[in-house]
Amino acid sequence: MTTEHATSAASQTDHKGISAKGLKAGTVGLIGAVVIGVSCIAPAYTLTAALGPTVSEVGVHLPAIFLVGFIPMLLVAFGYRELNNAMPDAGTSFTWASRAFGPWIGWMGGWGLIAATIIVLSNLAAVAVDFFYLMLAQLFSNPELGELSKNLPLNIATTLVFIALACWISYRGMETTKGVQYVLVAFQLLVLGWFAVAAFSHVANGSAFDATAISPDWFNPFAVDSFSSFAAGVSLSIFIYWGWDVTLTMNEETRNPEKTPGRAATVTVLVIVIIYMTVALSTLAFAGTGDTGLGAGNPDNQGSIFAVLAGPVMGPFAILMSLAILSSSAASLQSTFVSPARTLLSMGHYKALPAKFGRISPTYKSPSYATIAAAIAAAAFYVITRTTSENALWDTITALGMMICFYYGITALACVWFFRAQAFSGAHAFFFKFLAPLLGGVILLVMFFKTAYDSMDPAYGSGSSVAGVGLVFILGMGVILLGVVLMLVMAKLRPEFFKGQVLARGI
Amino acid sequence: MRYVVGYSANARGHDAVNLAVSLARGRGAALDLMVAIPEVSPFSAAHAPKAGFETLLHEQARAWLDEALALVPADVPAEGHVRRGGSDAQTLMDACAEFQADMLIIGATSNGLFKRFTIGSVAGALLHAATVPVALAPHGYHRREALTRISCGLGTRPGADELLDYAVSMASNRDVPLRVVSLLTLDDGGSPDVAEAARSHAGNRVSAALPGGDAGVHVAAKADVVVAQGRSIEEAVDRLDWEDGEVLVIGSSRLARSRAIFLGSTANRILRALPVPMIVVPSDYELKHQTHSMSNETSGEAPS
């Protein structure tokens, strides 16, 4: 080309300005940041999915485990923030672990992140489908409609439609707007509050299913009967805080980058802990942990606790709960798609996956191949779990907790190793770059190995098993092994990345 | 003169670049190729990292622009720009304001099954809000030589005179013949009288619109008035002969805000049948341009 086609000086300068950070500076205030944090956690969806499985592990010590579960999340989030500040990158765990530990562990870190988000996508879609049919039943006062979600072919078909829709919306680059996000968050909190108040008033009026008096012992994590239960409970409660770290990593987009992210993270976690505690306490007080009827220990209730409890607790207003969970899981479904898609895109870009994963749609400017790949994987995961498990929701959540521990653990240790030269350069660096992520990473990896070991027991989780081995183990380890196999195939196909020629180690 | 080109790395973007080259060559205009990328809202994606994705997206956009610039022949000056905005249409309109562009050139979508033009959402938005003339390349447009004829779709409504002024100046600046087209359907009455009335009306308008002096005489010698009749607008368009190097200039609907485009229903139907590019001119556009051209003789399509 001739010199006439030089890109202008002006466009060179704006190139720098944009690539530094793509967000409009200073548009998010404290409340906005809290809304983003709460919406990432999606408390209505999280509680209905995780409350049952956690009760089945730790019984009445649910509040204690919910509180304790926050500690490793907090410690890891500090490390996450340090890495994000030093190397902002779409690959997050993948890129950071590659820079710290080299390509092999980096690849597995990325795989863990992708697997976790894919698993949560299939669970989100399934929960949305359950509450979709439940809402139809409540709307038309016809319980038979609610039973439709138990019809296996129909359930699978509807779930696949939900996944396809969310994938399409994400592919088209449509985003949830600020206004919608505010309404969704406010509505979720309101309905959860309503549920708690209604449950407590049933207890006070003596109309509760199994009124149980709240005791201080519920808050004592050391009263949990075994370390196995404790580990399983903690890995589940990692899931309930998953997404909270987003508030810490917000910087340029906040009005006051010095103070807003820290305050937002604190306020978000206060809001979340208060709502989790009230709902957990009210559920236990109303339903007890018995394994019959409405009891929170009844295996039939544990896949999605509010689907069972909202009716008896809230009466005719239970439809609000269905609406809250349906809207929050549908919104999360669509926005969560962005995460594996961007990580896959980043891995394609760094030659750790076939180049087509790095494709960006010329029309919609979104990851094209990666988004569709994520949707197919989520759909396949759901079909496999649904057809092999007696309680697919329960088992996917347990496997998910394990997967989050795996990749958060790797990420936290990547922080420790990456910043090892600075670890003792001052009190701040020592705590945030070394001690906190080290503790958090070790705790999570211990939880991961303990849960993985325990889940080999065929009675683990919902009690589904394949060839005498627990289904949760098969799912969790199967996904990790699949990652190892794919990694070896990729190392044959595109060796540059695995020779460390693309992403160099070290600072 | 500067033309802003809305580029996307697909057939549609290529159509737009080809048309832009063709338009620029007759006028010595410079092109600003734009890739619009979406602004990432912090309220959108849950666990997704944002900053790094922006970098990748930006790199990709620069790579696309390099491909696009390679499509532009050496005799047409061109620059590439990446701009970020809430919507692609808004980003392109902002770019037009930033570069004081004289025209915005985009491609129609490629997935219309039977129609030559299908308007995508971006083009749809621009055709209902842009404040500069918008040129739409039909699907598969690959001509890159200068234009050979300007057609102007003339109605009897207010604003037609400004539109005709624009078309006349466009033809005289490019030194190509002008053809004034009146499209009649059966609803207008099918008799030869109606056609004759339309023809003389258009002829009068053309005489009135032609500037005095040499340039006016020059264009007048080459100006042609045709009336096309059909059962529908589409059929009337089909019955006309179209040169490969021709464009059709039409005006905005009466619904348009002053100095903005609003594609009317007739224009929409013309678009569906049209085999050549179409340029939609905002209402009152010429007024603004005449004042503009007094201070700067060489700028714009205004009469010189």
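**Two chains, term by term**

Me: What share of the 507 residues of chain A counts as buried?

Reply: The share is 59%. Buried means 20 or more other C-beta atoms within 10 Å of the residue's own, exposed means 12 or fewer, and partly exposed lies in between, with C-beta atoms placed from the backbone. In chain B, buried residues make up 54% of 304. The model is predicted: local features need pLDDT of at least 70, side-chain atom pairs count only at pLDDT 80 or more, and totals for chains, interfaces and linings use all residues. Residues are numbered from 1 along each chain as its sequence is written, while chains are lettered from A and ligands numbered from 1 in the order in which they are written.

Me: Why is Ala42(A) called buried?

Reply: Ala42(A) has 29 other C-beta atoms within 10 Å, so it counts as buried. This residue is in the loop between helix H2 (30-41) and helix H3 (43-58) of chain A. Helices are DSSP runs of H or I with at least four residues, strands are runs of E with at least two, and both are numbered from the N terminus.

Me: What does Ala42(A) touch, leaving out residues up to four places away in sequence?

Reply: Ser328(A), Ser329(A) and Ser332(A). Contact means C-beta atoms, placed from the backbone, within 7 Å.

Me: How do you know whether the radius of gyration of chain A agrees or disagrees with a compact globule?

Reply: The radius is taken over C-alpha atoms, and the globule rule is 2.2 Å times the number of residues to the power 0.38. For 507 residues that gives near 23 Å; chain A has 23 Å, so the two agree.

Me: What makes H11(A) and H18(A) roughly perpendicular?

Reply: The axes of H11 (residues 227-241) and H18 (residues 392-418) of chain A cross at roughly 80° and come within 8 Å. Axes are lines fitted to C-alpha atoms, for helices over the stretch in contact, and angles run from 0 to 180 degrees between N-to-C directions. Under 35 degrees is roughly parallel, over 145 roughly antiparallel, 65 to 115 roughly perpendicular, the rest oblique. H11(A) and H18(A) are therefore roughly perpendicular.

Me: Which residues touch the most other members of the largest nonpolar core?

Reply: Leu104(B), Ile105(B) and Val249(B), in a core of 280 residues. Helix H7 (residues 103-139) of chain A gives the most to this core, with 23 residues. Such a core is a set of buried Ala, Val, Leu, Ile, Met, Phe, Trp, Tyr and Cys residues joined through C-beta atoms within 7 Å.

Note on methods
Two residues are in contact if their C-beta atoms, placed from the backbone, lie within 7 Å.
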